[in-house]
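Here is a set of questions and answers for someone meeting this structure for the first time.

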Amino acid sequence: MSVDAELTERVRDELMGEAALAEKAMFGGLAFLLDGNMAVGITSTGELMVRVGADREGEALADPHARPFDMTGRPMKGWILVDRAGFETEAELNAWVRQGVEFARGLPSKR
């Protein structure tokens, strides 16, 4: 697995201080889990996976840098991919990471 080291550090910085944070190799990339629930991840191609939930998916997909997360020909509801142009600044990255954190924190713990 080859994941962008700089992006990994940027995401770690955004998640610093989050309780029950874990990292796990998933989907050919790296996932960041909170209480066992994935919030965000990094693909092997350097895109950001964000778990926004079905209710916020339409809003998230309105961003020109976002698209549905689709690994098998069937998009996963509530999950999106954001290309690098969508999180160039720390503020942009923070906004995406916070969406993933908010969704993951709303789920029951898997721990």
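Q: Why is Glu 59 called exposed?

A: The relative accessible area of Glu 59 is 55%, and exposed means over 50%, so Glu 59 counts as exposed. The model is a predicted one.

Q: Why is Arg 56 called partly exposed?

A: Arg 56 has a relative accessible area of 25%. Buried would need a value under 20% and exposed a value over 50%, so Arg 56 falls in between and is partly exposed.

Q: What makes Glu 59 and Arg 56 a salt bridge?

A: The N to O distance between the side chains of Glu 59 and Arg 56 is 3.6 Å. The cut-off for a salt bridge is 4 Å, so this pair qualifies. Both residues lie in helix 2 (residues 54–61), three residues apart, which is about one turn of the helix.

Q: How many salt bridges does the structure hold?

A: The structure holds 10 salt bridges. Side chains of opposite charge can pair when their charged atoms come close.

Q: What makes Arg 10 and Glu 90 one of these pairs?

A: Their side chains meet at 2.8 Å, N to O, and a salt bridge needs a distance within 4 Å. Arg 10 lies in helix 1 and Glu 90 in helix 3 (residues 90–105), so the pair ties together parts that are 80 residues apart in sequence.

Q: Which residues is Arg 10 in contact with, leaving aside its neighbours within four places in sequence?

A: Arg 10 is in contact with Phe 87, Glu 88, Thr 89, Glu 90 and Leu 93.

Q: What makes Arg 105 and Glu 18 a salt bridge?

A: The closest N and O atoms of Arg 105 and Glu 18 are 3.0 Å apart, and the limit is 4 Å. The pair links distant parts of the chain, 87 residues apart: Arg 105 is in helix 3, and Glu 18 is in the loop between helix 1 and strand 1 (21–26). Arg 105 has a relative accessible area of 33%, so Arg 105 counts as partly exposed.

Q: How is the packing of helix 1 and helix 3 described?

A: The axes of helix 1 and helix 3 are 10 Å apart, and the helices pack at an angle of about 60°. The crossing is right-handed. Among the residues that meet are Leu 7 and Val 11 in helix 1, and Val 97 and Val 101 in helix 3. By class, this contact has six nonpolar, one polar and four charged residues.

Q: How many aromatic pairs does a search of the whole structure find?

A: The search finds one aromatic pair.

Q: Why is the pair of Phe 69 and Trp 79 called tilted?

A: The ring centres are 6.1 Å apart, and rings pair within 6.5 Å. The planes are at 35°; stacked needs under 30 degrees and edge-to-face over 60, so the pair is tilted.

Q: Why do Phe 69 and Trp 79 count as buried?

A: Phe 69 has 4% relative accessibility and Trp 79 has 10%. Buried means under 20%, so both residues count as buried.

Key:
Residues are numbered from 1 along each chain as its sequence is written. This is a predicted model: local features need pLDDT of at least 70, side-chain atom pairs count only at pLDDT 80 or more; totals for chains, interfaces and linings use all residues. Side-chain values use heavy atoms; hydrogens and water are left out. Rings of Phe, Tyr and Trp (its six-membered ring) pair if their centres lie within 6.5 Å; planes under 30 degrees apart count as stacked, over 60 as edge-to-face and the rest as tilted. Buried means under 20% relative accessible area, exposed over 50%, partly exposed in between (1.4 Å probe, protein chains only). Contact means heavy atoms within 4.5 Å. Helices (H or I, at least four residues) and strands (E, at least two) are DSSP runs, numbered from the N terminus. Axes are lines fitted to C-alpha atoms, for helices over the stretch in contact, and angles run from 0 to 180 degrees between N-to-C directions. A crossing is left-handed if the near helix is turned anticlockwise from the far one by less than a right angle, and right-handed if clockwise. Ala, Val, Leu, Ile, Met, Phe, Trp, Tyr, Cys and Pro count as nonpolar, Asp, Glu, Lys and Arg as charged, and the others, Gly among them, as polar.
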